[in-house]
Amino acid sequence: MLEDRIAAASPTPWPAAYPEGYAVVDVETTGLARDDRIVSAAVYQLDGRGRVEDSWYTLVNPRRDPGPVWIHGLTTEVLADAPLFEDIAEEFAKRLDGRVLVAHNAAFDWSMIAREYARAGSEAPVRRRLCTIALSKELGLPLPNHKLESLAAHYGVEQRQAHHALDDARVLAEAFRPSLALAAEANLRLPLLACQPLTEWSDGPAAVRSATVGYQPSWQHRGGGAATWRPSRKRPACPYPNPGRYEPGKQLIQGMRVAFSGDTSIDRELLEDRAIEAGLHVATSISRLTSLLVTNDPDSHTSKTVKARQFGTPVVDEAAFVQLLSHVMPAEGARPGTPGR
């Protein structure tokens with residue numbers, strides 16, 4: 001159990017609108033795309049004031065190639081005797097039920113969990129989530145970037161085994177607790193987002209290939225370290241005209257042209273799919289017509305960030321973009337009920 005270091009500092013009265021409990025979650029996966037699977041999961045249950053109530057961890061047999069073993073360390077041999085997701089779904093659900101799901105880049109963890117439950121023919125009992133990246137930004141924490149290790153370092157939390165679900169969940173719980181206390185002290189409105197469980201699921205051809213004996217994904221290494229796998233695909237044409245560039249502080253509008261640069265925590269394809277579903281135009285390059293550039297490293301000197309500065313194209317990071325996606329305005333003249341609302 002975590003040492004209860006913040007209980008005495010908790011303000012009284014506590015904001016009445018705050019949730020009554022949290023499930024701090026971390027999942028390790030075979031990859032970051034929609035057809036990837038969970039290989040391990042951990043949950044720290046916290047009460048309404050951030051006090052730790054319980055912790056839980058499990059391996060999960062993904063029934064496919066385990067993916068980036070060099071990151072999570074879980075080989076096919078290690079996972080061979082692990083339970084299937086449907087075997088642990090009920091226990092996992094008990095840990096989540098009635099609580100706000102808290103994760104570092106919560107959109108990703110939630111999407112992986114929701115898809116696993118959909119595959120198992122059920123729904124995760126989660127209705128709201130809280131991203132610790134978004135909370136850190138709301139609090140104005142002086143972080144050099146939005147990585148978990150930076151948030152942990154800010155609060156003096158020791159990270160013992162990065163990319164191990166149980167340790168990552170512990171680190172995040174320890175970092176979330178003082179952030180929650182700071183938010184309560186300032187009576188800050190928490191950046192809670194609604195979770196919409198999937199009601200049906202169909203794995204794509206990538207999942208079928210990955211389950212085949214002898215299948216080896218086409219991992220492309222960069223700099224000898226991390227790797228990604230992205231099959232080529234054709235994007236559908238955007239049906240809406242470009243209404244112009246994004247104005248900071250306002251909402252995105254269907255038809256806006258967005259581009260991505262650099263690594264993202266959520267799989268690039270998943271971000272692109274969400275943008276397309278919301279009615280945005282995903283561009284592969286920057287021009288004067290580009291409405292917005294999404295990058296977690298705006299100070300880099302990639303061709304896209306350089307051109308964005310030259311053209312005055314607005315730039316936002318991944319966490320901000322994910323939040324903007326939940327409130328995309330319909331294009332002028334679009335029928336009610338079009339994607340993005």
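1. Thr58 touches Ser40, Ala41, Pro83 and Ile88, leaving out residues up to four places away in sequence; a contact here is a pair of heavy atoms within 4.5 Å. Thr58 sits in strand 3 (residues 52-59). Thr58 counts as buried because its relative accessible area is 10%; buried means under 20% relative accessible area, exposed over 50%, and partly exposed in between, with a 1.4 Å probe and protein chains only.

2. On the basis of the note: this is a predicted model, in which local features need pLDDT of at least 70 and side-chain atom pairs count only at pLDDT 80 or more, while totals for chains, interfaces and linings use all residues. Residues are numbered from 1 along each chain as its sequence is written, and side-chain values use heavy atoms, with hydrogens and water left out.

3. The chain as a whole. Its secondary structure comes to 11 helices and 12 strands; these are DSSP runs numbered from the N terminus, with helices being H or I of at least four residues and strands being E of at least two. Of the 341 residues in the chain, 51% are buried. Among contacts between residues at least 6 apart in sequence, 67% join residues at least 24 apart. The accessible surface is about 16600 Å², and 50% of that belongs to carbon and sulfur atoms; areas come from the Shrake-Rupley method with a 1.4 Å probe, and for residues only the protein chains shown count as cover.

4. Arg95. This residue belongs to helix 3 (residues 85-96). Arg95 is classed as buried because its relative accessible area is 13%. Not counting residues up to four places away in sequence, Arg95 touches Ala23, Val43, Gln45, Asp54, Ser55 and Trp56.

5. Nonpolar cores. A nonpolar core is a set of buried Ala, Val, Leu, Ile, Met, Phe, Trp, Tyr and Cys residues joined through side-chain atoms within 4.5 Å. The largest one has 51 residues, and the members that touch the most others are Phe92, Leu96, Leu101, Ile113, Leu252, Leu280 and Phe321. Helix 4 gives the most to this core, with eight residues. A second, separate core of 30 residues includes Trp14, Val100, Leu141 and Ala152. In soluble globular proteins, nonpolar side chains tend to be buried together.

6. Helix 11. Six of the eight residues of helix 11 (residues 318-325) are buried, so by this definition the helix is mostly covered. The buried ones are Glu318, Ala319, Phe321, Val322, Leu324 and Leu325. They pack against helix 4 (106-119), helix 5 (132-139), strand 9, helix 9 (268-277), strand 11 (292-295) and strand 12 (315-316). Phe321 has contacts beyond four places in sequence with Leu252, Val258, Phe260, Leu271, Ala275, Leu280, Leu292, Val294 and Val316. Asp317 caps the N-terminal end of helix 11, with a side-chain oxygen 3.4 Å from the backbone nitrogen of Ala319.

7. Cavity. A search of the whole structure finds one cavity of 30 Å³ or more. A cavity is a set of points, on a 1 Å grid over the protein atoms alone, where a 1.4 Å probe fits but cannot get out; lining residues have an atom within 4 Å of a point. Grid points are joined across faces, edges and corners, and a volume is the space filled by probe spheres set on the points. The largest cavity holds about 90 Å³. It is lined by Asn105, Ala106, Ala107, Arg129, Cys131, Ala134, Leu193, Ala319, Val322 and Gln323. Helix 4, strand 5 (128-131) and helix 11 are the elements that give two or more residues to this lining, and helix 11 gives the most, with three.

8. Two asparagines with positive phi. Asn105 has a phi of about 70° although it is not a glycine. Asn105 is in the loop between strand 4 (100-103) and helix 4, and counts as buried because its relative accessibility is 8%. Asn187 has a positive phi of about 55°, again without being a glycine. Asn187 is in the loop between helix 7 (165-185) and strand 6 (192-194), and counts as exposed because its relative accessibility is 58%.

9. Tyr246. This residue is in the loop between strand 8 (227-228) and strand 9 (257-261). Tyr246 counts as buried because its relative accessibility is 8%. Beyond four places in sequence, Tyr246 touches Gln251, Leu252, Met256, Ser291, Leu292, Pro314, Val316 and Leu324.

Notes. Polar contact = N/O pair within 3.5 Å; in protein donor to acceptor, adjacent residues only side chain to side chain. 1 Å grid on protein atoms, 1.4 Å probe; cavity = no way out; pocket = protein on both sides within 12 Å on 5 of 7 lines; lining within 4 Å.
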